[in-house]
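Here's a walk through one protein model, one piece at a time. Have the sequence and the 3D view open as you read.

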Amino acid sequence: MSNLGQIFGSNVFNDAVMKECLPKATYKALKKTIEEGLPLDPVVADVVANAMKDWALEKGATHFTHWFQPMTGITAEKHDAFISPTSDGKAIMEFSGKELIKGEPDASSFPSGGLRATFEARGYTAWDCTSPAFVKDDSLCIPTAFCSYTGEALDKKTPLLRSMEALGKQALRVLKALGNTTTNRVITTVGPEQEYFIIDKKTYEQRKDLIFTGRTLFGAKPPKGQELEDHYFGSIKEKISAYMKELDEELWKLGIAAKSKHNEVAPAQHELAPIFTTTNIATDHNQLTMDIMKKVALRHDLVCLLHEKPFAGINGSGKHNNWSMGTDDGVNLLEPGRTPHDNQQFLVFLCSVIKAVDVYADLLRVSAANPGNDHRLGANEAPPAIISIFLGEQLQDILEQIENGGATSSKNGGNMEIGVTTLPPLPKDATDRNRTSPFAFTGNKFEFRMCPSSASIAEPNITLNTIVAEVLNEVADRLENATDAKVEVKTIITEYVTNHKRVVFNGNGYSDEWVVEAEKRGLLNLRTTVESIKALISEKNIAVMEKHAVLSKVEMESRYEIALENYIKTINVEALTMIEMAKRQILPSVIKFATNLAVSINTIKATGVAADLTAQTELLTEVSSLTAALKKNIAVLEETVEKASNAHGDTYDQASLFRFDVFEKMAALREVVDTLETLVDKDVWPMPTYGDLLFNI
């Protein structure tokens, strides 16, 4: 491997490259746009475009593309060559500021949720200069926003950028009202931990369910799963290590600070964690990370699975969204300090987050909802569908003091003595970590642990930024109009603690007792994606998005329709895949096994030799009975899918049919097939088993 310092960011048109390639005046103007949000001069764009083109050509690029993030959840690209023919039959390389700033991909086939008709094909991409361009696959990739002909957002980047501006504006108001005279800008930062599975490519190619849906629709539990917990943080297998090494290098070249890698709890499961960066860049980087994970895996004859629950009965994959707020002069607004009880700045921002999460729990829940996550939330490796906040003993104690009249002390962790003289005493954190909480405070940030592994992190961060901006707006209004801001801030903190403490829970989020307790507290338990989607069109949630100019009512309604349509299509594809596998692979194999078994019984009987055929006969009876059940369940599922697919009227009602009718019939069919898998000869079974998929690397 090359020197890390040399390869890191080598394929990125970053600040260092811009400083070297651009004239000083152009560089300063572009930096002002990036850091202060000022409009970009077209003349500056032309100079930047030319420098960007020359740099990209040196990197071997032949094309450029506006790289954007439509509502499909993945990225999109349309590549154009730099080449421009001349009158003498030759060609020159051109790339203008106009081409840099604006693109026009056909928007007709991207999800719009009714924002535009198919015949209105225009869509525009606009250069996001706050996220650096990069070279990938011989193309200069320019991060862009994507909007319709009438200006509505058709992507995830546009509302994310809007939400970052909204939070920055309100947070700055609060800081000024608290007497801060040095901060000019507040930004949110994110570090998304990415979980994933790696399996052998040959076995993957023998599973239609993995190919079409990303998860196994059938599969009996193997003799060994994750019971021994020997995979977690275990020694990384040589083939996986080689994959991870190349993955790191590819990510580093793109300036993605991949920091940690390890085996996760489930067999064949792993995790990658990057260093924090601004929310916009972190979102771009995570989209790139998922794409590159898949591509690099194929080079090693492996397949990367990003689905939330590719295998039943073992841990699924999530994405832990570590979120915080910081100032341009280096202050983390969620840093408690040594004495958090008298750190008013920290407490007002902490309590603002608490109120935001309590008031807008439904919006936060839907930001982490997708069909794959429905299999995961509430299971042993994931938080429940109930939104709650873990603060830990120290902060919980401070909040109780505040509610009872005022905080006067902070519990400190002290040192942890291990009992071995050669081992040093370790400083003990003031609080432990709670892995069962969906929204946990972890030192100087909040870790939103519900996020789906396959999805963009844009949605949860759009929501977090906007709902916290709303509460900070309220705080700023009160402080700016207060006779004594110091007195008012104490009043606000006490009020927020008293009125919103119900959302704080430090216990075991997996327990049945918590479900009962949460209901008593009045907390929502939106168990499924379909149930949670309604939050996108509630008056309260539309109002907060419109107030901060993050999403309009029309844009919220479009996202509601897109989410429902995505759910319907996902479950429909899964159901149709199940039917095809069951009819064309599993049923013929089971019949073949039963036929062979019946022939062997008759052959033995024909010999006239006395033999106890009880075991064979009982097995044949059991398999035959299950085969009949299999045939029946296939027919029932086909009928249910047809009914749901042909349902007319409200999209929500149709999505409910897929969730509560089709989904349940799929589970019934799977139960029969998984039982048959345990009885049928492995040589006859038509696909690799869980044991083959999870343990053969």
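**A strand with two partners**

Let's start with F64, which stands opposite D80 in strand 2. On strand 8, F64 has another bridge partner, L140. Before going on, a word on the ground rules: this is a predicted model, where local features need pLDDT of at least 70, side-chain atom pairs count only at pLDDT 80 or more, and totals for chains, interfaces and linings use all residues. Residues are numbered from 1 along each chain as its sequence is written, and side-chain values use heavy atoms, with hydrogens and water left out.

Helices (H or I, at least four residues) and strands (E, at least two) are DSSP runs, numbered from the N terminus. Two strands count as paired if DSSP finds at least two bridges between them. Strand 1 (residues 63-67) pairs with strand 2 (residues 79-81) in the antiparallel sense, over three bridges. With strand 8 (residues 139-148), strand 1 pairs in the parallel sense, and here there are five bridges. Four of the five residues of strand 1 are buried, so the rest of the structure largely encloses it. Buried means under 20% relative accessible area, exposed means over 50%, and partly exposed is in between (1.4 Å probe, protein chains only).

Now over to helix 3. This helix covers residues 24-36, 13 residues in total, and reaches 18 Å from its first C-alpha to its last, close to the 18 Å expected at 1.5 Å a residue; that expected span is 1.5 Å times one less than the number of residues. Which residues of helix 3 are buried? They are T26, Y27, L30, T33 and I34. Look down the axis of helix 3 and its buried residues fall within an arc of 125 degrees, so they line one face of the helix. The arc is taken from the directions from the helix axis to the C-beta atoms. On the other side, K24, A25 and K28 are exposed. The cover over the buried residues of helix 3 includes helix 2 (15-21), helix 4 (42-58) and strand 6 (123-127), where contact means heavy atoms within 4.5 Å. After helix 3 comes G37, with a positive phi near 70 degrees.

Last, the cysteines. The structure has zero disulfides, a disulfide being a pair of cysteine sulfur atoms within 2.5 Å. C21 is partly exposed, at 34% relative accessibility.
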